[in-house]
Amino acid sequence: MPGTSLTQPTVRTVTTLADGRQLIYYDSGAACAGACDGGAACEGGTAARRDAVDERPLDPQAPGSEVRLDPATGDWVTIAAHRQARTYQPPPEECPLCPSRDGRHSEIPAADYQVAVFENRFPSLAGPPAEPVRAAEGLWTSGPGAGRCEVVCFTADHEASFADLTPERARLVLDAWTDRTAELSALPGVRQVYCFENRGAEIGVTLAHPHGQIYALPFTAPRTARMAARAAEHRATAGRNLFDDLLAAERAHGERVVLAGTHWTAFVPFAARWPYEVHLYPHRRVPDLTALDADQRDEFPTLYLELLRRFDRLFGTGRTPYISAWHQAPAGQRDELALHLELFTIRRTADKLKYLAGVESGMDAFVNDVTPEHAARRLREATA
Ligand SMILES: [Zn+2]
């Protein structure tokens with residue numbers, strides 16, 4: 001894949017769905033060796049054939065969302081009223097993310113796949129950019145909800161979860177995230193590419209099939225904007241990079257470190273907001289996924305899978321609901337912001353969830369019921 005540091009033989013096949021949306025298959029060439037039929041979609045003689053046609057009668061969507069700047073906080077808000085009609089928790093036999101089999105047509109026409117990425121049929125953001133306009137009153141700035149929303153299917157297995165994947169498959173997902181980051185970052189008007197996974201009905205997941213999402217945002221996310229401001233302050237006062245200092249301090253202190261490899265360290269942050277929250281940083285700071293080197297890419301899957309499995313062991317309730325969020329530097333802010341992953345659960349005990357109520361939702365002021373040091377100890381001990 002040109003322009004990215006993907007390790008061959010990951011093979012990418014770009015196709016189009018019936019309503020014009022893009023669908024991209026990612027196949028591990030090594031896993032397909034010998035099974036190749038040499039079809040038109042085959043690149044380099046290693047991939048499975050990916051030329052199944054979407055036979056559904058689909059009309060193109062006209063999303064038409066809007067972004068508005070909150071004049072009081074400076075935060076961008078996306079207004080996407082058209083999404084109210086989207087698919088909500090369908091039964092497994094109607095899952096739109098399973099392969100198309102037995103005469104049933106899903107979002108993925110192939111009878112099987114490894115990793116597949118497609119444009120969301122009900123996107124919060126879509127279409128070409130335009131300069132935000134300020135209303136005559138001067139306070140109200142808005143623009144089209146430009147950008148792109150994609151769905152990443154981690155496996156064809158409806159019953160699996162990310163934690164069940166092999167390191168090889170997790171690596172293929174990392175390659176897909178990286179490729180999408182490179183391509184979406186290059187789209188006109190895209191400020192930041194955000195790859196994330198919501199897991200569990202408790203989080204509000206509308207489809208049970210293991211999948212994540214990617215938002216190509218036309219603005220810098222509010223949390224990223226605050227981090228950029230903090231990093232600039234730290235550079236001005238300390239003369240160093242904030243994230244380099246933060247990671248070094250956590251590694252030296254050690255009490256909140258959960259897992260450490262040669263190239264990555266996972267720790268519960270000093271001021272964690274969520275009952276169980278882990279931040280995973282590469283030791284060598286990079287702005288985004290496209291800048292990871294081969295050693296970092298090779299080590300990530302095993303560490304990340306171990307973190308997810310430890311989350312699942314925390315409460316004796318099986319699969320722990322979580323949000324997994326890749327923080328990547330926005331355009332023009334690649335010098336100070338550090339790629340890292342923030343993984344957290346809203347579960348605080350086997351039968352209690354953390355809700356964002358008056359203090360959090362009303363004031364953005366979090367109250368955490370679990371000390372970060374206790375959370376780190378429990379996650380260190382949650383081995384198989
Ligand atoms: Zn499914």
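Student: Quick one to start: is Phe-219 buried or exposed?

Tutor: In this predicted model, Phe-219 has a relative accessibility of 7% and therefore counts as buried, since the cut-off for that word is under 20%.

Student: And which ring does Phe-219 pair with, and how are the planes arranged?

Tutor: Phe-219 pairs with Trp-76, and because the ring centres are 6.0 Å apart and the planes meet at 10°, the pair is stacked. The two residues come from distant parts of the chain, 143 residues apart, with Trp-76 in strand β4 and Phe-219 in the loop between β10 (211-217) and α3 (222-238).

Student: What about Phe-267 and Tyr-281, how do those rings sit?

Tutor: Phe-267 and Tyr-281 are also an aromatic pair of the stacked kind, with 5.7 Å from centre to centre and 15° between the planes. Phe-267 belongs to strand β12 (residues 264-267) and Tyr-281 to strand β13 (residues 276-282), so this contact ties together parts that are 14 residues apart in sequence. Both Phe-267 and Tyr-281 are buried.

Student: How many aromatic pairs does the structure hold?

Tutor: There are 17 aromatic pairs in the structure. Ring pairs also join Phe-154, Phe-162, Trp-177, Trp-264, Phe-300, Tyr-304 and Trp-326 into a cluster.

Student: Changing topic, which residues are the protein donors of the zinc ion?

Tutor: The protein donors are Cys-95 and Cys-98, each through SG, together with His-158 and His-209, each through ND1, and they lie 2.0 to 2.3 Å from the zinc ion. Along the chain, these donors follow the spacing C-x2-C-x59-H-x50-H.

Student: Where do Cys-95 and His-158 sit along the fold?

Tutor: Cys-95 is in the loop between β4 (76-79) and β5 (115-119), while His-158 is in the loop between β8 (148-153) and α2 (167-185), so the pair ties together parts that are 63 residues apart in sequence. Cys-95 is buried, at a relative accessible area of 2%, and His-158 counts as buried too, at 16% relative accessibility.

Student: Why is the arrangement around the zinc ion tetrahedral?

Tutor: The arrangement is tetrahedral because the 4 donor atoms subtend angles of 102 to 118° around the zinc ion. For comparison, the ideal angle for four tetrahedral donors is 109.5 degrees.

Note on methods. Residues are numbered from 1 along each chain as its sequence is written. This is a predicted model: local features need pLDDT of at least 70, side-chain atom pairs count only at pLDDT 80 or more; totals for chains, interfaces and linings use all residues. Side-chain values use heavy atoms; hydrogens and water are left out. Donors are N, O and S atoms within 2.8 Å of the metal (3.2 Å for Na, K and Ca); water is not among the atoms, so sites may look incomplete. Four donors count as tetrahedral if all angles lie between 85 and 135 degrees; four count as square planar and six as octahedral if opposite donors are over 155 degrees apart and all others between 65 and 115; anything else is irregular. Helices (H or I, at least four residues) and strands (E, at least two) are DSSP runs, numbered from the N terminus. Buried means under 20% relative accessible area, exposed over 50%, partly exposed in between (1.4 Å probe, protein chains only). Rings of Phe, Tyr and Trp (its six-membered ring) pair if their centres lie within 6.5 Å; planes under 30 degrees apart count as stacked, over 60 as edge-to-face and the rest as tilted.
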